[in-house]
Amino acid sequence: MLWACINLPSLALDGILRRRPTEGPLVLVDGPINARTIVSANETARAAGLYVGQRLSAAQALLSNFEAIPYDRESVDRWHRFLAAVAYRYSSEVSLLPHAIVLEVSKSMGLFGPWPRLEFLLRADFTDLGFRHRMAAAPTAHAAHVLTTVSDGQAVLSSDTLRNALQRVPIAKSRLPANAIAALPSMGIRTLGQVLALPRDGLRRRFGAELLASLDRLTGDLPSGLALYRPPDIFDLRIELLHEVENQSALIFPVRRMVDDLAAYLAGRDGGVQRFLLRLKHREGRFTDVPVGLLASERDGAMLFEFARGRLEHVTLPEPVLALRLIARDLPAFVPAGRDLFDEQPANALPIEQVRERLRARLGDGAVYRLGSTQDPRPERSQREATHDEVPIEPHPRPTWLLPRPLPLRGGEPIILAGPERVETGWWDGGEVCRDYYVIETSLGQEAWAFCAPDEQTGWMIHGWFA
Amino acid sequence: MNAVVPLSALLDARQVWRGRAHEVPVGDQPTGWCALDAVLPAGGWPEASLSEILLPVDGVGELRLVLPTLARLTQGQRHVVIVSPPYAPCVAGWRQQGVDMRRVEFVDAGEKDVLWATEQCLRSGSCAAVLAWPHHADDRALRRLQVAAVTGQALAFVFRDRSHLSNASPAALRLELEAPPRPQIWVRKCRGGAVPAHAIPLPRSVH
């Protein structure tokens with residue numbers, strides 16, 4: 001067993017900064033309205049002398065102009081779960097710990113390579129998403145968690161060295177039960193190593209069984225007992241905008257972030273998305289829905305963003321937007337398109353599927369199609385939108401253009417080139433036809449496919465061109 | 001006047017006109033019509049270029065001219081895009097000419113979007129040929145298509161009314177179709193070769 005722990009020390013702040021990068025001082029505040037305290041502060045704010053635990057009133061006395069955003073427990077929880085879904089890409093055993101995510105990686109290393117390589121991949125993912133993190137690996141989940149609080153990047157790969165690594169962890173950072181953390185230093189016990197060396201009976205009498213269980217989970221003598229995270233089947237992401245947005249172009253940046261998050265979630269799930277919904281929320285519960293539908297399931301962030309933007313550009317905002325929500329319910333499996341080894345296309349070619357999606361995004365969902373034959377001999381019903389064609393090829397001459405409805409022939413008498421071909425069918429479904437089809441040449445030199453009533457060669461109706 | 005100037009230096013400096021145009025490399029895109037291939041400088045469609053086909057009226061053989069090419073491309077698993085055709089294509093007729101309809105994409109674009117859609121398809125590099133029927137295409141629009149065709153290494157075909165013949169065009173090849181007295185093709189412009197003096201007959205599809 002090898003557990004990786006990703007510690008997210010500033011989850012709430014990163015969640016806000018990533019959708020609204022700001023250089024100025026920014027803090028998150030929490031607590032009762034008359035005693036607000038700072039729970040998180042960005043670097044500019046810390047440099048100005050603000051610190052976590054400071055009263056908001058004290059901070060305001062220190063710095064005249066900074067942004068204070070209320071700490072939103074629910075959104076922190078949402079980001080936490082979202083990042084677990086991202087980590088799910090690397091392991092099926094993912095659990096949530098306070099401000100951290102742990103995942104079992106011993107089985108994943110066969111696919112992703114040894115721990116340094118896997119660590120690099122994980123770090124790249126989290127950095128791309130804009131979350132600061134500390135990482136460690138250890139044979140137990142709780143030990144990995146403790147190691148991340150002490151240092152960043154420590155890897156303990158075998159249980160033999162684990163005790164050694166835990167020796168010098170200070171009690172304050174050991175994540176043992178609170179009563180033990182409070183009492184042990186006053187007994188002269190300052191590191192985990194000293195606690196582990198103490199007789200167990202004495203510890204139990206003094207601190208109860210809870211401390212021993214914590215120590216055993218740390219060293220691996222007890223199973224971790226963590227509930228495994230299961231990624232949800234529906235992707236639902238909300239972003240509250242900080243200002244009322246009246247212009248679509250101001251929505252592009254948050255939408256880009258949301259779609260990238262969707263792509264990261266899909267990669268973790270090894271799935272794709274076929275349809276998703278962008279809900280633009282207005283005042284008093286009103287909203288505008290922008291559905292985005294794709295021909296096939298996709299998961300590339302840049303591609304999804306391009307289509308979402310294409311749809312968004314066509315929307316006129318009836319009123320200012322306060323919040324955005326991205327909902328994806330239809331998450332089918334993703335099957336990457338197979339490519340030929342000896343592909344003749346230029347190296348930088350955009351796949352045809354992507355071209356079709358781009359055209360659809362601007363021209364409408366029904367604007368791009370393929371045609372196939374049907375079994376019906378009536379020309380009006382002989383073809384439909386389809387992607388395959390198994391009907392045998394028609395032996396009689398057929399034109400290359402078909403008129404949407406037959407037109408009477410004007411001008412001089414035509415020359416008959418071929419025919420007649422009798423088409424008589426459809427008496428059972430009300431669309432009865434009985435016609436003699438000929439290939440004729442008009443006085444303008446066009447070759448036409450025309451019909452007239454059976455056994456008459458007058459009253460020509462043109463139905464197509466042999467273009 | 002003692003200085004001896006080597007001939008090759010003069011030629012390399014491109015200050016001497018040699019009286020004949022550059023050799024056009026023989027292309028790899030036969031039209032499927034032997035008589036036409038024989039007179040075209042590239043031995044077929046100019047590769048990765050715009051070809052303009054001018055018509056007196058619809059239905060005089062404009063598709064017959066290009067369908068052998070489309071059949072060859074689609075059977076070679078390449079994609080072909082048809083942008084805003086003037087009529088519904090008749091699947092049975094196209095299949096009779098050997099076109100694999102699974103590789104043919106039809107795009108219904110409004111008048112304003114025809115050129116945009118055509119350019120997107122050409123530029124993508126995943127389409128072997130793009131056929132378009134633009135209503136309002138000026139010199140600059142056609143030049144964009146020509147550049148896009150070069151970028152995406154695709155064949156571009158634009159079908160327009162014969163009245164545009166008098167306007168200059170950046171197309172590498174301009175063909176004019178004539179119906180009465182008999183269907184024939186006039187080559188009006190071909191880059192890299194002399195324009196043939198006589199028309200090429202276009203056989204009928206039904207004999």
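**Notebook: chains A and B of a predicted model**

I began with A:Val52, which sits in the loop between helix 2 (43-47) and helix 3 (56-62) of chain A. Helices (H or I, at least four residues) and strands (E, at least two) are DSSP runs, numbered from the N terminus. I noted that this is a predicted model, in which local features need pLDDT of at least 70, side-chain atom pairs count only at pLDDT 80 or more, and totals for chains, interfaces and linings use all residues. Residues are numbered from 1 along each chain as its sequence is written, while chains are lettered from A and ligands numbered from 1 in the order in which they are written.

**Entry: A:Val52, continued**

I looked up burial, for which a residue is buried if 20 or more other C-beta atoms, placed from the backbone, lie within 10 Å of its own, exposed if 12 or fewer, and partly exposed in between. A:Val52 counts as partly exposed because it has 14 C-beta neighbours inside 10 Å. I then listed its contacts (C-beta atoms, placed from the backbone, within 7 Å). Not counting residues up to four places away in sequence, A:Val52 touches A:Ile38, A:Val39, A:Ser40 and A:Ala41. Its C-alpha lies 9.2 Å from that of A:Leu28, 24 residues apart in sequence.

**Entry: positive phi**

I found a positive phi of about 55° at A:Glu284, which is not a glycine. A:Glu284 lies in the loop between strand 10 (273-281) and strand 11 (287-298) of chain A, and is exposed because 7 other C-beta atoms are within 10 Å. B:Gln153 is in the loop between helix 6 and strand 6 (155-161) of chain B, and with 16 C-beta neighbours inside 10 Å it counts as partly exposed.

**Entry: B:Ala149**

I placed B:Ala149 in helix 6 (residues 139-152) of chain B. B:Ala149 counts as buried because it has 27 C-beta neighbours inside 10 Å. Leaving aside neighbours within four places in sequence, I recorded contacts of B:Ala149 with B:Ala48, B:Ser49, B:Leu50, B:Leu122, B:Ala154 and B:Ala156.

**Entry: chain B as a whole**

I counted six helices and nine strands in chain B. Of its 207 residues, 48% count as buried. The mean pLDDT (the predictor's confidence in each residue, from 0 to 100) of chain B is 84, and 92% of its residues reach 70 or more. For the model I noted ipTM 0.82 and pTM 0.60.

**Entry: where the chains meet**

I found 42 residues from chain B and 47 residues from chain A in the contact. On the side of chain B that touches chain A, helix 4 of chain B gives the largest share, six residues. By class, I recorded 22 nonpolar, 11 polar and nine charged residues on that side; Ala, Val, Leu, Ile, Met, Phe, Trp, Tyr, Cys and Pro count as nonpolar, Asp, Glu, Lys and Arg as charged, and the others, Gly among them, as polar. I also looked for strand pairing, which requires that DSSP find at least two bridges between two strands. Strand 16 (residues 401-408) of chain A pairs with strand 3 of chain B in the antiparallel sense over two bridges. The bridge partner of A:Leu402 in strand 3 of chain B is B:Ala88.

How values were computed:
Two residues are in contact if their C-beta atoms, placed from the backbone, lie within 7 Å.
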